[in-house]
Amino acid sequence: MLRVLKVIAQIGLLSLFVWLGGRFAALTGLPLPGSVVGLVFLYLALRSGLVKLAFIQEGADFLLRHLVFFFIPAAVDLMNWGGVFYRYGFRLALAIAGSTFLTFVVSGHVSQWLRRRHQPCES
Amino acid sequence: MRILMTGFGIGLTLGAYFLAKTLYMRYRHPLLNVVLLGATLVAVALLLLKIPYQAYLPARSLMMSLLGPATVGLAVPLYRNRELLSRHAPAILAGVGLGTLTSVVSVAWLAAFAALPREVVLSLLPKSVTIPFALEVVRLHGGSQALASAFVVATGTLGSVFGGALLTRVGVQDPIARGLAMGTGSHGQGTAMAFLEGQEQGTMAGLAMTLAGLTTTLLAPLLIRLLVRA
């Protein structure tokens, strides 16, 4: 029971960062979501020691372990989009496959090349 | 009545999640995707019980309100691996940065070439990043959250089925580079596959997944203006 309360309180603290991120984006007028700005804020707060890992890690680990759950409600709406797949299915598949192929090749080769350049003696 | 329906919607989604997860855990097949399987189960239950989609919306927004704190929580694995992050900074930043740019630009061009409607194109742009980032990009800049999540899952499935073999075929052997490519190209699903290759690949893929999400969200406003016709 105590652990459940702890997780809930820590999720509350994480939500505070979402709110802070949202305020920051609104005040600066930057087209960024509060959660993403909040992620950067939390990382900086952890690095600077302002927030201890122990304050948030159980809440964060709980949410991340079940991250896929929160995607299900967003995808249920697909029942209203059947027509798009019927009409454009083949073109969509080609665009997704082509772009994914290129992404793998570019990011794999760029990082392999830089790894070899910077650590020539390692391998 | 509304409260009852909301509770039912949440219970239904939880049930679908645990059922889909149990099936995935048993067979471990990349095509048994928990998101798509879970969403299909919920959709079929709503249709069978003749519940209109509108009645599911309050439950949907309540569950999705936890997506914000979950996204913020991604700072935790980033912080835990901060030493790894700075040790491999050049490879990580360039691999993830250029990979992300390739993903968004190439899918926008291919989609324009295929003459897809604007709403579909906007939903395609964040296809390589994990769903919380993709949903935010679509919410801020237009497109459909449902289509975006379907495209994200399609990309992740494709990458987790063929990504490893593709990297071997094009000569990427370095374990860190393989992990970075899997996380950049196929987010969480790629990360799961990278962990099957090894701890080093998996950790790198997880870092790349979060950083690719950040990069995509930051670049989206600019890239949409440059690449997508109004």
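This briefing describes the overall build of chain B and then the salt bridges of the whole structure. The model is a predicted one. Chain B has 12 helices and zero strands, and a search over all chains finds six salt bridges in the structure.

**Overall build of chain B**

- With 230 residues, a compact globule would have a radius of gyration near 17 Å, and the 18 Å of chain B agrees with this.
- Along the principal axes, the C-alpha atoms of chain B fill a box of roughly 55 × 45 × 30 Å.
- Of the 230 residues in chain B, 60% count as buried, and among its contacts with a separation of 6 or more, 67% come from residues 24 or more positions apart.

**Surface and charge of chain B**

- Chain B exposes about 9700 Å², of which carbon and sulfur atoms supply 68%.

**A salt bridge within chain A**

- A:Glu58 and A:Arg3 meet through their side chains in a salt bridge of 3.8 Å, N to O, which links helix α3 to helix α1 of chain A across 55 residues.
- A:Arg3 and A:Glu58 also belong, together with A:Lys6, to a network of salt bridges.

**Salt bridges between the chains**

- A:Asp61 forms a salt bridge with B:Arg80, with the closest N and O atoms 3.0 Å apart, and this pair crosses from helix α3 of chain A to helix α5 of chain B.
- B:Asp174 and A:Arg115 meet in a salt bridge of 2.9 Å, N to O; B:Asp174 lies in the loop between α10 and α11 of chain B and A:Arg115 in helix α5 of chain A, so the pair joins two chains.
- Both B:Asp174 and A:Arg115 are buried, whereas A:Asp61 counts as partly exposed at 26% relative accessibility and B:Arg80 is partly exposed at 39%.

Definitions and conventions. Residues are numbered from 1 along each chain as its sequence is written. Chains are lettered from A and ligands numbered from 1 in the order in which they are written. This is a predicted model: local features need pLDDT of at least 70, side-chain atom pairs count only at pLDDT 80 or more; totals for chains, interfaces and linings use all residues. Side-chain values use heavy atoms; hydrogens and water are left out. Helices (H or I, at least four residues) and strands (E, at least two) are DSSP runs, numbered from the N terminus. The radius of gyration is taken over C-alpha atoms; the globule rule is 2.2 Å times the number of residues to the power 0.38. Buried means under 20% relative accessible area, exposed over 50%, partly exposed in between (1.4 Å probe, protein chains only). Contact means heavy atoms within 4.5 Å. Accessible areas come from the Shrake-Rupley method with a 1.4 Å probe; for residues, only the protein chains shown count as cover. A salt bridge is a side-chain nitrogen of Lys or Arg within 4 Å of a carboxyl oxygen of Asp or Glu.
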